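This report goes through a few features of one structure. Please look at the sequence and the model before reading on.

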Amino acid sequence: MNIVDYQEVEKLIAQIILQLRTIFNWQFFTSSILFFFAYLTPSFALGSYLLCVIGLALLIATYRNSILVTQEDRAVLITGCDFGYGYELAKKLRASNFTIFAGCSDVKSNGAISLKNLDNQTGRLHVIQMDVSNQGEVDNALDYVKEHLPENGLWGIVNNADESSCPGFLEWSPIENYEKTMAVNLFGAIRVTNSFLPLIRKSQGRIVNVSSLLSRAPSPFNGPYAIAKSAIDSYSAILLAEMKRFNVQVVVVEPGKLAEGANFNSAKREFTRTIRRTWDLLDDGLRMDYGQKYVEQQIEIGQMSMELAETDIGFVVEAMVKAVSQLHPRDRYVVASLTEKCIAYGMQYVPLWLTDRLLPTMEAQTYLSYLSYLEPFILI
């Protein structure tokens, strides 16, 4: 079996797992187990009663999650549709009868042209020029959206536009790197939200912000990006509290470090080349202080984290679809591999003195990689 065959098998398995997660979500699965134990323990009346009540509550939650909003004549604005999550989400929501305003940083990009060609008949997919770091382009996009809104108005904003930072330690990163990352990932989301928020309040819709699992744990080599995503988490929490009185929901989608399967090897090579290029540009004093050996170790850790990451962006896109289309969405959708979740939650909730000891151990060689073998069996 050649490499192409293996990739096809991996895609098929990923699709099957996605369908199983959709059908057998954790609430349905847990409620079934609770009802089963209640049936086995009729002699313990109080215990059986409590198990049934909890199981029924989970079933009600499952039903609530299955209710969808009316999608016809409702619009959704998505930023960063040139490629990746935004591009796939625009196609998926357009197929669900939403009217889509796909904001692209370059309307001449391959992704933007592809989206334009996709919808020549229905007129429900509008590709608009919108660099979220440019207030003028955001204002022009707002004027266009107002002129082409369907009857039920603007239902949702998906702040998906993303700017990755060059990998490296905080000391290596020039201030321009921080500014560029913040301009898109944080201030871009705020700029778009503030501009379109009156339309969202009017429709009592929702705002979907894209964070990252990197915001939960110390992430050497991804500092500017993790800082920006941590700020998005805080912004989303405050916005959620402020928008409750207007019946506007704020949802956070939190992907892990995803490397798209087809581009996995090229992503690893580009990651390594970028770090070594940055290393070569450092002054002699910094290179002497950090040492070549430590840098090579960080490259190995980065490559290993890619291997342990989720490789199908479909899971993230599916979470975004739920955030937009479900009547009662969750406040947060965490989409990551089992290994990433264990590391992130562990770093977030264990005492600081313990994480200070765990980080050097994980840098040397992590034993959590063995958890990746369990992931095909995890449906939650």
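Predicted model: local features only at pLDDT ≥ 70, side-chain atom pairs only at ≥ 80, totals over all residues.

## Nonpolar cores

The largest nonpolar core has 34 residues, and Ile 100 is one of those that touch the most other members, along with Val 76, Ile 78 and Leu 93. Helix H13, residues 314-325, gives the most to this core, with eight residues.

Another core lies apart from it and has 30 residues, including Leu 77, Leu 186, Phe 196 and Leu 197.

## Helices H4 and H5

Helix H4 (residues 84-95) packs with helix H5 (residues 110-118) at an angle of about 10°, and their axes are 10 Å apart. Angles under 35 degrees count as roughly parallel, so H4 and H5 are roughly parallel to each other.

On the H4 side, Tyr 87, Ala 90, Lys 91 and Arg 94 make the contact; on the H5 side, Gly 111, Ser 114, Leu 115 and Leu 118 do. By class, these are four nonpolar, two polar and two charged residues.

## Aromatic pairs

The count of aromatic pairs is four. One of them joins Phe 101 and Tyr 144 edge-to-face, at 6.3 Å centre to centre and 85° between the planes. This pair links distant parts of the chain, 43 residues apart: Phe 101 is in strand E2 (residues 99-104) and Tyr 144 in helix H6 (residues 135-148). Phe 101 counts as buried, at 0% relative accessibility, while Tyr 144 is partly exposed, with a relative accessible area of 28%.

Phe 169 and Trp 172 have ring centres 5.1 Å apart and planes at 85°, so this pair is edge-to-face.

Notes. Residues numbered from 1 in each chain as written. Heavy atoms only, no water. Axes fitted to C-alpha atoms, helices over the stretch in contact; angles between N-to-C directions. Helix = DSSP H or I, 4+ residues; strand = E, 2+ residues; numbered from the N terminus. Parallel < 35°, antiparallel > 145°, perpendicular 65-115°, else oblique. Contact = heavy atoms within 4.5 Å. Nonpolar A, V, L, I, M, F, W, Y, C, P; charged D, E, K, R; others polar. Core = buried A, V, L, I, M, F, W, Y, C linked by side-chain atoms within 4.5 Å. Buried < 20%, exposed > 50% of the residue type's maximum accessible area, 1.4 Å probe, protein only. Phe/Tyr/Trp six-rings, centres within 6.5 Å; stacked < 30°, edge-to-face > 60°.
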